[in-house]
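Subject: Structure for you, with notes

Hi,

Here is the structure I promised to pass on. Please open it first, then read my notes beside it.

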Amino acid sequence: MPRFIDGIAPLPPKRPLTRIHDIVENSAAILEYTQGMDFRAYVGNRLVRDAVERCFERVSEASVRLSSLAVELFPAHDWLAIRNLGNILSDDHNDVLDSIIWTTIVERLPPLLIELETFLAQYPAEQETL
């Protein structure tokens with residue numbers, strides 16, 4: 001059910017399946033870039049950290065564009081935190097940020113990716129809307 005702000009329902013997202021594909025693509029890239037790494041290796045590899053942060057920015061942007069539909073379709077995930085990650089990335093708290101990002105990669109990203117991939121399997125790859 002859409003949430004109303006000041007009595008006005010939010011507009012449905014444009015191309016929601018495309019946005020979900022964006023999240024899947026960038027989440028899979030993050031897991032690929034960090035495969036076989038532990039936290040120490042991640043922190044010590046600036047190239048990987050930069051790539052991961054850029055992918056998380058894309059994930060955050062896609063989740064913002066999904067709006068409340070993300071919560072409706074996949075309520076088990078913390079979409080507010082996913083949306084806010086883009087803002088967190090713009091702040092300069094590298095020591096805290098590295099820890100948050102690593103925890104997200106290890107604990108939260110795999111179940112999100114599995115659920116979104118399972119959902120997308122119901123639709124043809126070229127379909128953009130529900």
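Helices (H or I, at least four residues) and strands (E, at least two) are DSSP runs, numbered from the N terminus. By that rule, the protein has six helices and zero strands. Along the sequence, the pattern reads α-α-α-α-α-α.

Two points on how to read the values. This is a predicted model, in which local features need pLDDT of at least 70 and side-chain atom pairs count only at pLDDT 80 or more, while totals for chains, interfaces and linings use all residues. Residues are numbered from 1 along each chain as its sequence is written, and side-chain values use heavy atoms, with hydrogens and water left out.

**Overall**

Buried means under 20% relative accessible area, exposed means over 50%, and partly exposed lies in between (1.4 Å probe, protein chains only). Of the 130 residues in the protein, 37% are buried. Contact means heavy atoms within 4.5 Å. Take the contacts between residues at least 6 apart in sequence: 75% of them join residues at least 24 apart.

**The core**

A nonpolar core is a set of buried Ala, Val, Leu, Ile, Met, Phe, Trp, Tyr and Cys residues joined through side-chain atoms within 4.5 Å. The largest one here has 32 residues. Those with the most contacts inside it are Ile 20, Ile 23, Tyr 42, Val 52, Phe 56, Ile 101 and Ile 105. At least two residues of this core come from each of helix 1, helix 3, helix 4 (68-73), helix 5 (79-90) and helix 6 (94-120). Helix 6 gives the largest share, ten residues. In soluble globular proteins, nonpolar side chains tend to be buried together.

Look at Ile 20 next. Leaving aside neighbours within four places in sequence, Ile 20 contacts Leu 66, Leu 73, Phe 74, Leu 116, Phe 119 and Leu 120.

**Helix 1 and helix 3**

Axes are lines fitted to C-alpha atoms, for helices over the stretch in contact, and angles run from 0 to 180 degrees between N-to-C directions. Helix 1 (residues 16-33) packs on helix 3 (residues 46-66) at about 160°, with the axes 9 Å apart. Angles under 35 degrees count as roughly parallel, over 145 as roughly antiparallel, 65 to 115 as roughly perpendicular and the rest as oblique. Helix 1 and helix 3 are therefore roughly antiparallel.

The crossing of helix 1 and helix 3 is left-handed; that is, the near helix is turned anticlockwise from the far one by less than a right angle (clockwise would be right-handed). The residues of this contact comprise 14 nonpolar, three polar and four charged. Here Ala, Val, Leu, Ile, Met, Phe, Trp, Tyr, Cys and Pro count as nonpolar, Asp, Glu, Lys and Arg as charged, and the others, Gly among them, as polar.

**Helix 3 and helix 5**

How do helix 3 and helix 5 lie, and what is the angle between them? Their axes come within 8 Å and cross at roughly 130°. Helix 3 and helix 5 are therefore oblique to each other. This crossing is left-handed too. The contact of helix 3 with helix 5 has seven nonpolar, three polar and three charged residues.

Ser 63 is in helix 3. Is Ser 63 buried or exposed? Its relative accessibility is 0%, so Ser 63 counts as buried. Not counting residues up to four places away in sequence, Ser 63 touches Ile 23, Trp 79, Ile 82 and Arg 83.

Most residues other than glycine have a negative phi. Arg 15 is not a glycine, yet has a positive phi of about 50°. Arg 15 sits in the segment before helix 1. Ser 67 is not a glycine either, and has a positive phi of about 60°. Ser 67 lies in the loop between helix 3 and helix 4. Arg 15 is partly exposed, at 34% relative accessibility. Ser 67 is partly exposed as well, at 24%.

Glu 115 lies in helix 6. At 27% relative accessibility, Glu 115 is partly exposed. Glu 115 and Phe 74 are 41 residues apart along the chain, and their C-alpha atoms are separated by 7.9 Å. Glu 117 is also in helix 6. Glu 117 is partly exposed, at 39% relative accessibility. Glu 117 and Ile 23 are 94 residues apart in sequence and 9.8 Å apart in space, C-alpha to C-alpha.

Best wishes
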